[in-house]
Amino acid sequence: MAREFKLPDLGEGLTEAEIVRVLVAEGDEIKEDQAVLLVETEKAQVELPSPFGGRVATVHVQAGQRVKVGAVLLSFADAGGAVRSVTPPSGAPARPAAPPPGAPASAAAPPTGLPSAATPATRRLARELGVDLARVPGTGPGGRISDEDVRAAAGARGAAPAAAKPGAPAPPSSSVASTPAPAGPVEAARPLAVPIALPPLPRFEQWGPVEREPLRGIRRRSAEHLSLAWAVIPHVTQHDLADVTELETMRRRHQKRGGEGSAELTLTVFLLKAAAIALRAHPRFNASLDHATGELVLKRYYNIGVAVDTDQGLVVPVVRGVEGKGIRDLAAELAQLVTRTREGKATLEDLRGGTFTVTNTGALGGTGATPIINHPEVAILGVGRARQTPVVRDGQIVPRLVLPLSLAFDHRVIDGMEAARFSTELVGLLEAPERLFLEG
Amino acid sequence: MGELPREADVVVLGGGPGGYAAAFRAADLGLDTVLVEARGALGGECLHVGCIPSKALLGIAGLIHDAAGATDAGVTFGPARVDAAKLRAWTQRSIDRLAQGLAALAKARGVDVVVGHGRFEGDGSVRVAREDAPPATLRFKHAIVATGSRPATLPGLEPGSRVWDSTAALTLPATPARLLVVGGGYIGLELGSVYAALGSEVTVVELLDGILPGVDRDLVAPLARRLGKRFKQILLGTKLTAMREAGSALAVELVGEGAPAHVEVDQLLLAVGRRPLTDDLGLEHTRAARDTRGFIVVDAQRRTADPRIFAIGDAAGEPMLAHKAMAEGLVAAETIAGHPAAFEPLAIPAVVFTDPEIAWCGLTEAEARTRGVEARAVKVPWTASGRAVAMGRPDGLTKLVFEAASGRLLGVGLVGPHAGDLLAEGALAVEMGAVAEDLAGTIHTHPTLSETLGEAAELFLGHPIHLPPPRG
């Protein structure tokens, strides 16, 4: 029997994934653990390794397709089994019949049905708006799909019903929806999951030339996720300043002692540790609100996400069990995690299960920002740039290294007094860094 | 371009129609583009040893036949005298003029052309082996493989002075008294037609049971009739099993029903298709995958399994046609520039430039049926065309395939003089999703051959003008 590779359980309630790219072709000999497919879930793009090696007999999926957990992705031939007939050498010229339109060069199965009837210009519009023509009913002669049909379909997803009126002069607001990635295969059209109705946008072209840039991949997911968080969570941001002069001195001293090959002791590593200690003392910051049951879910583990800026957009990999790890170990783990993330190699495991998030925008300057909470978490710590600042100490003005902190919290779960206490706790930990070792 | 690697946004391997179209579009979209071409002049096989010289020669062949055909109309010319050297030079002038034009267009866009053979190395770079300069290294953000194809060979029939491939035949090395063409596809028939016009006695051997395998038989029939008169014979279902030199001639052994076991000819022309040129590109240093026929596997954006590398044209799959390569090149360049492009044509036009020409695009009736689509084909013979009759060529046929229920045009087939030019309307109509009413409601010029397209749409709708009314 030929073996089959099915879409594995992705966990965390994820039931389907989108094939971004097929990395192997039929007939390829592959090794166990070789990456065979690039898939995108609601969480991230991940490479799927094959559970076994062998010769790929059939690729059952193609780029752009959404597949459910358990769907067969690849079939493998038995060892020595015939995989596909080799094209016999013949004296016949290789003049082809008219090819099936749009079929990939190596299409395994002949296509069925007809491609949607739409002019090339309309098809381009559909790509720009991220609309799958196969799902658009055409109102023209012979079922031809017009520009208006495409715009209506784009508007029907996620915009107010009023915006979806065919022939409405303004392109509806959901043109931020996904479009076939310039850097990837066609994404199926899906509504941008914004939990409120949006009014139509004006036709910007009337005031001057515009360009439209598709939101795709991680950026698209970020947009959806942040819209949800901003719409659902009543955010309040508590600002504070921490004197990190001593912490910085200690960091530099130990950074040098780390020796060759040891990971950099970044400020973020200490922030993770401080946050874990503060979270343990203030459990409501390490919780989620269960809308369905009206309960607060208090987590007894401390997995802290770190916002990482990548070429593809913002990604938040998670450092697990921060409370039980030493600073050096955390530094090494964080360095590897960030590298994996930047290289686009983060696994699903790397990206889920967070309980709190730290976002450090210090490298970019500024005096502070108000971060948006990573739903379903209830708080996030934003960190600005540490600056040498004149500080009054014992009646003297002295230069100190001061770090701006912005703690955004979910006001449904946490009140202002608690936030002030949590923030003060964090400041205290950062200003007396030995506590990070004693209490961590 | 000495020791230091040249950094580029896009490196295109191959300066044929697909490669230069991709490079020009990439440059026009603001990308720093380098084009690597081994030949030393842009244009590829198509311009130098393919479409362009063969059309120049076929034009002359047509002139010779038309002159002879005018006798029926009472106009008689003397027999054609062909100066092969002059004809060759005349053809070459067209090629040179077009190649110089391409070089000027590349320069005007700031596309760097590097002459040499490029191969991928492991680290996002291409190393170009050059004849009269040290190798150049090009580091790329994206690469487009557009290396095209070459004539296929058969074991035991290596190209040489007695066995031409299409490239050799187009240089008119001689006009053999007896020419055996191996392969009844479009290349064999086009070149066979040229040599028949120049005076060779042409025999075609085809392994399958019809010429132009895969093409609608309704379209092939008028061509087969005409070529049956032009050529000495067309041997179908026949295989060449051995060949040896016999004095100044070639003794060829054949196996096939109704075919002679031995024929004696003076020259062999091998036209058994083309093979993609993908085996000497260092692809093993990339993640790009090839299928069993050597075509690089790509997605709708023409991206290979290696996200930095795209492949287009003959290197990326059938049909191996210059205009398909150009369209793919534009898709690849636009994708790299961040535009939402996709290669998703409904109609890739294909033309066989024989006399009569055969042209088609979109789906045939049979192809529609295999897709589970109920289709209806209508045929208008050119006996219904005033122009065709006035030209003395009523042997043509216009065939349209519609989706039965909606009347949407799915495919177009044409055979007859100028079929290749007539096809353009059909390709546009298929691509636009036109229905029969659209074609019928478009006024076609009288008297032109294009009227047959409107007439066919009227026939589908049940009320043709120049044909008897359909019964029932």
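Visitor: Hello! In β15(B), which residue is the bridge partner of B:Leu179?
Guide: Welcome! This is a predicted model, in which local features need pLDDT of at least 70 and side-chain atom pairs count only at pLDDT 80 or more, while totals for chains, interfaces and linings use all residues. Residues are numbered from 1 along each chain as its sequence is written, chains are lettered from A and ligands numbered from 1 in the order in which they are written, and side-chain values use heavy atoms, leaving out hydrogens and water. Strand β9 (residues 178-182) of chain B runs parallel to β15(B), joined by four bridges, and in β15(B) the partner of B:Leu179 is B:Gln267.

Visitor: What do you call a strand or a helix here, and in which sense do β8 of chain B and β15(B) pair, parallel or antiparallel?
Guide: Both are DSSP runs numbered from the N terminus, with H or I over at least four residues for helices and E over at least two for strands. Two strands pair if DSSP finds at least two bridges between them. Here B:Trp164 has B:Leu269 of β15(B) as its bridge partner, and over two bridges β8 (residues 163-164) and β15(B) pair in a sense that is parallel.

Visitor: B:Gln267 and B:Leu269 lie on one side of β15, B:Leu268 and B:Leu270 on the other: are they buried or exposed?
Guide: In a regular strand, side chains alternate between the two faces of the sheet. Buried means under 20% relative accessible area, exposed over 50%, and partly exposed in between, with a 1.4 Å probe and protein chains only. Strand β15 (residues 267-270) of chain B is covered on both faces, and these four residues are all buried.

Visitor: Which strands stand at the edges of this sheet in chain B?
Guide: The sheet is open and parallel, with five strands in the order β8-β15-β9-β10-β11. Each edge strand pairs on one side only, and those strands are β8 and β11 (233-235).

Visitor: Which residue of β6(B) stands opposite B:Arg6?
Guide: Strand β6 (residues 136-145) of chain B is mostly covered, with seven of its 10 residues buried. Strand β1 (residues 6-13) runs parallel to β6(B), and seven bridges join the two. Opposite B:Arg6 stands B:Leu138.

Visitor: How many residues lie between β5(B) and β6(B) in their hairpin?
Guide: Strand β5 (residues 125-129) and β6(B) pair in the antiparallel sense over four bridges. Within that pairing, B:Ser125 faces B:Arg139 of β6(B). The number of residues between the two strands of the hairpin is six.

Visitor: In β17(B), which residue is the bridge partner of B:Ile144?
Guide: Strand β17 (residues 309-311) of chain B pairs with β6(B) in the parallel sense over three bridges. There, the partner of B:Ile144 is B:Phe310.

Visitor: How many Å apart are B:Ala259 and B:Leu236 in space, C-alpha to C-alpha?
Guide: B:Ala259 sits in the loop between β13 (249-256) and β14 (262-265) of chain B. With a relative accessible area of 17%, B:Ala259 counts as buried. Although B:Ala259 and B:Leu236 are 23 residues apart in sequence, their C-alpha separation in space is 8.0 Å.

Visitor: In β8(A), which residue is the bridge partner of A:Thr58?
Guide: Chain A has an open, antiparallel sheet of four strands in the order β1-β8-β6-β3. Its edges are β1 (3-6) and β3 (29-30), each with a single partner strand, so one side of each is left without a neighbour in the sheet. Strands β6 (residues 54-59) and β8 (residues 72-77) pair over four bridges. In β8(A), the partner of A:Thr58 is A:Ser75.

Visitor: With which side chain does the side chain of A:Glu248 make a polar contact?
Guide: A:Glu248 belongs to helix α4 (residues 245-257) of chain A and is buried, with a relative accessible area of 15%. A polar contact is a pair of N or O atoms within 3.5 Å; within protein, one must be able to donate a hydrogen and the other to accept it, and residues adjacent in sequence count only if both atoms are side-chain atoms. At 3.0 Å, the partner side chain is that of A:Arg251.

Visitor: What average pLDDT does chain B have?
Guide: pLDDT is the predictor's confidence in each residue, from 0 to 100. The model as such scores ipTM 0.85 and pTM 0.61. In chain B, 99% of the residues score at least 70, and the average is 95.
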